[in-house]
Amino acid sequence: METSSRIQRRVAVFGLDGVTFDLLQPWLDEGRLPNLAALLQGGAHGRLRSTIPPVSASAWASFSTGTNPGQHGLVDFTYPVEDGYEIQITNGRTRAVPALWDIVSGAGGQAGVISMPMTYPPQPLNGFMLCSFLTPSQESQYTYPASLQAEVTQIAGPFPLHMSEKGRGQDPRIFVRAVKQMEVDRAAAVKYLLQNKSWDLFLYVFETTDNLQHEVWHLLDNSHPLYDADMAELVVPEILDYYETVDRLLGEMLALVPEDVLIVTLSDHGFGPFHKFFHINNWLAAKGWLQFKRTPVSQLKRWAFQLGMTPINALKWITALRLGGMRKNVKRGRGGKTLRRVFLSFNDVDWARTSAFSVGNFGQVYLNVAGKRRQGTVSSAEYEGLRDEIATAAMALVDPEDGSQVVPTVYKREEVFHGRSASRLPDLVLHTDRAKYVSFGHADFGSNQIIEPSTGQTGHHHMVGITGLRGPGVPAGVVLPEASLLDLAPTILHYMGLPVPKYMDGRVLTEAFSDAFNAANPVQFHDVDLTGGAGSGGVSVEEEALVMEKLRDLGYVA
Ligand SMILES: [Zn+2]
């Protein structure tokens with residue numbers, strides 16, 4: 001494992017998707033997670049602020065690029081096309097800014113990237129890449145170089161690309177055991193690659209922490225409306241066993257990392273209780289900002305919708321009647337065209353009379369701007385007034401059940417997004433922050449309610465995650481002031497001896513390093529022009545359909 005000329009020091013990153021000190025601290029204190037505890041205490045650690053909105057697609061891209069979503073362009077798993085209303089899926093090609101591994105690779109270093117969300121399709125680099133989350137199918141080409149796929153399979157067995165469906169929504173014990181097994185199976189491949197390939201930068205993301213927390217948060221939180229003491233007694237030991245297993249696997253990986261390597265750990269966002277859906281498109285329709293077509297079919301569907309013929313209700317009825325097979329089809333939106341024919345959908349929206357709509361799980365609202373979208377209605381003279389009106393109304397919205405404020409903060413686009421991709425990002429973000437209220441799905445009209453108890457997931461993303469750095473030059477026991485997810489890319493490049501591109505929004509976390517290290521290593525900057533376009537592509541229509549199905553299975557899309 002030779003170090004290339006321009007790389008001075010090596011870095012290994014271990015991501016823990018969506019973990020939070022709120023959940024982990026008691027277990028860290030009790031000594032149940034000894035490897036993570038030693039990693040955090042043996043160097044610098046602290047809380048890590050995510051992107052707005054704190055969605056994995058956007059947050060991992062911000063980690064990878066050191067830039068805000070206005071630069072890299074990812075704001076959720078789905079987004080509307082810039083000039084219309086069709087929904088597109090984000091993938092590795094959507095990112096409009098080079099990732100850490102591109103920069104390291106360009107500097108002659110070798111990078112290994114495993115299970116980093118939003119990397120499919122794998123792209124050539126000096127090193128290797130193995131994609132998982134949102135890889136269309138086990139038959140897809142998910143590694144670079146292509147030969148790595150067979151090599152890893154032969155040594156470590158088939159790399160499990162997708163989250164298990166076992167027990168999901170039925171027996172949480174079975175689900176927890178299945179995701180634990182997935183991490184065990186993945187770890188075999190990760191350890192093989194750590195040990196047998198050359199790398200200057202190594203990245204692996206434990207993805208299942210996020211999925212598990214979405215499913216079982218109510219069993220860990222006795223103030224959750226769906227808390228079930230009997231079930232918690234059965235399942236919490238299994239959940240603990242899962243986290244102890246993740247910690248053990250992390251320890252086995254760390255044991256394979258040489259002493260002179262900086263180890264970085266992070267979560268892309270925090271986590272917390274999710275209580276209710278906030279159906280933003282229904283709210284926009286109730287306020288008159290979204291209008292439906294007056295055709296007989298659309299009017300009939302709207303009438304049925306008002307009576308409760310909605311995908312969420314259909315799911316409840318089917319579940320009650322124990323029509324299991326059908327349940328999966330509705331949940332997955334199989335034959336989306338059929339569902340759209342039956343239920344009220346974006347197909348029934350009268351765009352020529354609509355001024356705002358939402359696409360995404362995190363309060364993303366897009367205005368129907370004239371001259372930008374095909375049937376745009378909002379003139380430049382009306383734009384600011386309408387944004388203010390929607391923002392004021394959103395912040396005035398209270399949950400009729402307990403009077404709590406649903407949207408404590410509204411961000412205008414330019415307050416949170418700036419850069420080359422900002423113009424295609426939402427005009428407003430209705431930020432619910434503490435995750436109690438989360439919007440449902442990425443389009444269409446899942447329910448006829450504006451606010452209603454959640455079904456399925458019980459935990460969701462919060463703004464604050466964790467980070468830790470341990471290695472030569474990092475004194476033990478440093479507690480960092482709350483850092484930003486955007487700070488890690490510049491910090492990692494700087495540690496490796498590379499200049500920080502000036503376009504990066506984050507800063508080098510010099511407070512993590514010793515005075516001697518900082519004195520010997522002043523931060524260098526590099527003026528880089530971001531050229532080349534952003535955009536989708538690289539995946540076929542069939543692959544997009546498979547990815548959409550994966551997102552539905554995970555509950556991200558209606
Ligand atoms: Zn995440």
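Is Asn91 buried or exposed in this predicted model?

## Asn91 and its surroundings

Asn91 counts as buried, because 25 C-beta neighbours lie inside 10 Å and the cut-off for a buried residue is 20 or more. In the chain, Asn91 belongs to the loop between β4 (87–89) and α5 (100–106).

Thr119 lies 28 residues from Asn91 along the chain, yet the C-alpha atoms of these two residues are separated by 6.6 Å.

Strand β6 covers residues 127–130. Gly127 and Met129 point one way from the strand, whereas Phe128 and Leu130 point the other way. All of these residues are buried, on either side of β6.

Strand β6 is joined to two strands described here, β5 and β7. With β5 (residues 111–114), β6 runs parallel, and four bridges join the pair. With β7 (residues 143–144), β6 runs antiparallel, and two bridges join the pair. Here Met129 stands opposite Tyr144 in β7. Both Gly127 and Met129, which point one way from β6, are buried.

## The chain as a whole

The chain has 558 residues, of which buried residues make up 49%. Its secondary structure consists of 19 helices and 23 strands.

Contacts between residues at least 6 apart in sequence were also considered for the chain. Among these contacts, 73% join residues at least 24 apart.

Terms used: Residues numbered from 1 in each chain as written. Predicted model: local features only at pLDDT ≥ 70, side-chain atom pairs only at ≥ 80, totals over all residues. Buried ≥ 20, exposed ≤ 12 C-beta atoms within 10 Å, placed from the backbone. Pairing = 2+ DSSP bridges. Contact = placed C-beta atoms within 7 Å.
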